[in-house]
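Me: I have a structure to look at and have not seen it before. Can you walk me through it?
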Amino acid sequence: PVSFAHAAGVTEAQIAAARTPADHEAIAAAYDADAKAADEIAANHESMAKAYKSAGAKGGTQSMVSHCGRLVTQYRAAAQEYRALATEHRALAKAAIK
């Protein structure tokens with residue numbers, strides 16, 4: 001199973017204190033990790049949706065397939081947002097060098 005513990009991610013204090021390239025790179029790396037975790041969860045739910053579909057009348061219902069499908073969409077969107085935040089912080093890191 002994949003866990004998604006955002007508590008280990010970026011903190012408000014980190015963002016407020018970020019001044020140096022290293023600060024922004026650390027935040028970017030944390031967002032990259034969050035994106036990877038969200039991608040893994042999306043893949044897990046995609047697999048579960050397939051399993052529910054194949055289970056059919058033996059235990060899978062359309063509501064379970066739909067539930068997993070919604071989560072796949074949401075976690076993929078979250079991963080995309082985390083990657084965008086990482087990109088922004090890498091740009092801030094480059095600007096901080098100047």
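Reply: A term to start with: contact means heavy atoms within 4.5 Å. Helices (H or I, at least four residues) and strands (E, at least two) are DSSP runs, numbered from the N terminus. Buried means under 20% relative accessible area, exposed over 50%, and partly exposed in between, with a 1.4 Å probe and protein chains only. With those terms, the buried residues of α3 pack against α2.

Me: What kind of model is this, and how are residues numbered?
Reply: This is a predicted model, where local features need pLDDT of at least 70, side-chain atom pairs count only at pLDDT 80 or more, and totals for chains, interfaces and linings use all residues. Residues are numbered from 1 along each chain as its sequence is written, and side-chain values use heavy atoms, with hydrogens and water left out.

Me: Which residues of α3 are buried?
Reply: Val 65, Cys 68, Leu 71, Val 72, Ala 79, Tyr 82, Ala 86, His 89 and Ala 93.

Me: OK, the core. What is in the largest nonpolar one?
Reply: A nonpolar core is a set of buried Ala, Val, Leu, Ile, Met, Phe, Trp, Tyr and Cys residues joined through side-chain atoms within 4.5 Å. The largest here has 11 residues: Val 10, Ala 18, Ile 27, Ala 28, Ala 30, Tyr 31, Ala 35, Ala 38, Ala 79, Tyr 82 and Ala 86. Two or more residues come from each of α2 (21-55) and α3 (62-97).

Me: Which element gives the most?
Reply: α2, with 6 residues.

Me: How many aromatic pairs are there?
Reply: The structure holds 1. Tyr 31 and Tyr 82 are stacked, at 5.9 Å centre to centre and 25° between the planes. Rings of Phe, Tyr and Trp (its six-membered ring) pair if their centres lie within 6.5 Å; planes under 30 degrees apart count as stacked, over 60 as edge-to-face and the rest as tilted.

Me: Are they buried or exposed?
Reply: Tyr 31 is buried at 8% relative accessible area, and Tyr 82 is buried at 14%.

Me: Switching to charges. How many salt bridges are there?
Reply: A search of the whole structure finds 4. A salt bridge is a side-chain nitrogen of Lys or Arg within 4 Å of a carboxyl oxygen of Asp or Glu.

Me: What does Arg 90 pair with?
Reply: Arg 90 forms a salt bridge with Glu 25, the closest N and O atoms being 3.5 Å apart. Glu 25 is in helix α2 and Arg 90 in helix α3, 65 residues apart. Arg 90 also forms one with Asp 32, at 2.5 Å between the closest N and O atoms.
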